[in-house]
Amino acid sequence: MAKNFRAEKLTGTAGELFTAFELTMLGVSCDLVKQDGTDLIAIKGHGLPIALRVEVKTSTHTNEKYKKNKAGIGVGKQYSFTTSKGSPKRAYTKEDCDILALVCLPLRKIQFLPVGMVRGITKRIHKDTFNDDNITEKSWKFAVERCLYESSRAIQQHEANLPLPIPLHFGIVV
């Protein structure tokens with residue numbers, strides 16, 4: 001048990017460091033933070049007007065070691081990522097982070113997804129998805145654009161539901 005926990009911890013750390021490296025190579029300033037639900041903060045660069053919280057999830061193998069054909073040959077073709085936290089398990093939400101970084105460690109690729117697009121406690125991604133040489137950069141741009149869109153919509157909705165200011169005496173408004 002302790003051995004497996006140690007291996008998982010090392011795998012997670014490798015994914016976090018790799019994500020920070022890749023974002024830095026894209027021109028994004030970021031820092032590892034290790035907060036509950038957030039592994040790193042992307043601060044500025046590469047079209048980033050606001051800081052975004054990134055939770056990193058790392059996979060080291062496809063499900064072929066579990067899924068076998070009649071001849072006993074592995075046929076699984078998906079990387080599996082645990083996209084949940086807590087006990088009982090619950091999916092990550094915008095309250096926890098803005099973006100999930102799904103790191104395929106063997107192929108050294110990252111699929112970034114806005115947290116709102118990931119439903120459920122597990123996300124499976126076909127291994128061919130990671131064959132795209134530009135997946136890290138393209139998915140980062142998409143995730144950032146989607147996060148900014150969702151944030152602006154949330155602000156507009158919040159402002160539309162705000163009550164009118166209450167006038168006080170002597171022309172002071174709160």
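Which residues of the largest nonpolar core touch the most other members? They are Leu23, Ile99, Phe112 and Trp140, within a core of 22 residues. A nonpolar core here is a set of buried Ala, Val, Leu, Ile, Met, Phe, Trp, Tyr and Cys residues joined through side-chain atoms within 4.5 Å. Buried means under 20% relative accessible area, exposed means over 50%, and partly exposed lies in between (1.4 Å probe, protein chains only). Helix H1 (2-25), strand E2 (38-44), strand E3 (52-59), E7, E8 and H2 each supply at least two residues of this core. H2 gives the most, with 4 residues. Helices (H or I, at least four residues) and strands (E, at least two) are DSSP runs, numbered from the N terminus.

The model is predicted; local features need pLDDT of at least 70, side-chain atom pairs count only at pLDDT 80 or more, and totals for chains, interfaces and linings use all residues. Residues are numbered from 1 along each chain as its sequence is written, and side-chain values use heavy atoms, with hydrogens and water left out.

Phenylalanine 112 was examined for its contacts (heavy atoms within 4.5 Å). Neighbours within four places in sequence were set aside. The partners of phenylalanine 112 are then Thr19, Leu23, Ile99, Leu100, Ala101, Thr136, Ser139, Trp140 and Ala143. A second, separate core has 13 residues, including Tyr79, Tyr92, Cys104 and Val118.

Helix H2 spans residues 135-160, 26 residues in total. From first C-alpha to last, H2 reaches 37 Å, close to the 38 Å expected at 1.5 Å a residue. The expected span is 1.5 Å times one less than the number of residues. The buried residues of H2 are Ile135, Thr136, Ser139, Trp140, Ala143, Val144, Cys147 and Glu150.

Aromatic pairs were searched for across the whole structure, and 3 were found. Rings of Phe, Tyr and Trp (its six-membered ring) pair if their centres lie within 6.5 Å; planes under 30 degrees apart count as stacked, over 60 as edge-to-face and the rest as tilted. The ring centres of tyrosine 79 and phenylalanine 130 are 5.7 Å apart, with the planes at 90°, so this pair is edge-to-face. Tyrosine 79 lies in strand E4 (residues 78-82), and phenylalanine 130 lies in the loop between strand E9 (122-126) and H2. The pair therefore ties together parts that are 51 residues apart in sequence. Both tyrosine 79 and phenylalanine 130 are buried. Phenylalanine 81 also pairs with phenylalanine 130, in a tilted arrangement: 6.5 Å centre to centre, 50° between the planes. This second link joins strand E4 to the loop between E9 and H2, across 49 residues. Phenylalanine 81, like phenylalanine 130, is buried.

Cysteine 30 is buried, at 15% relative accessible area. Cysteine 104 is buried as well, at 0%.

The backbone was also examined. Most residues other than glycine have a negative phi, and most peptide bonds are trans. Lysine 34, in strand E1 (residues 29-35), has a positive phi near 55°. Lysine 34 is partly exposed, with a relative accessible area of 45%. Arginine 108 also has a positive phi, near 55°. Arginine 108 lies in the loop between strand E7 (99-104) and strand E8 (109-114). A cis peptide bond joins serine 87 and proline 88, with omega about 5°. Proline 88 sits in the loop between strand E5 (84-85) and strand E6 (90-91).
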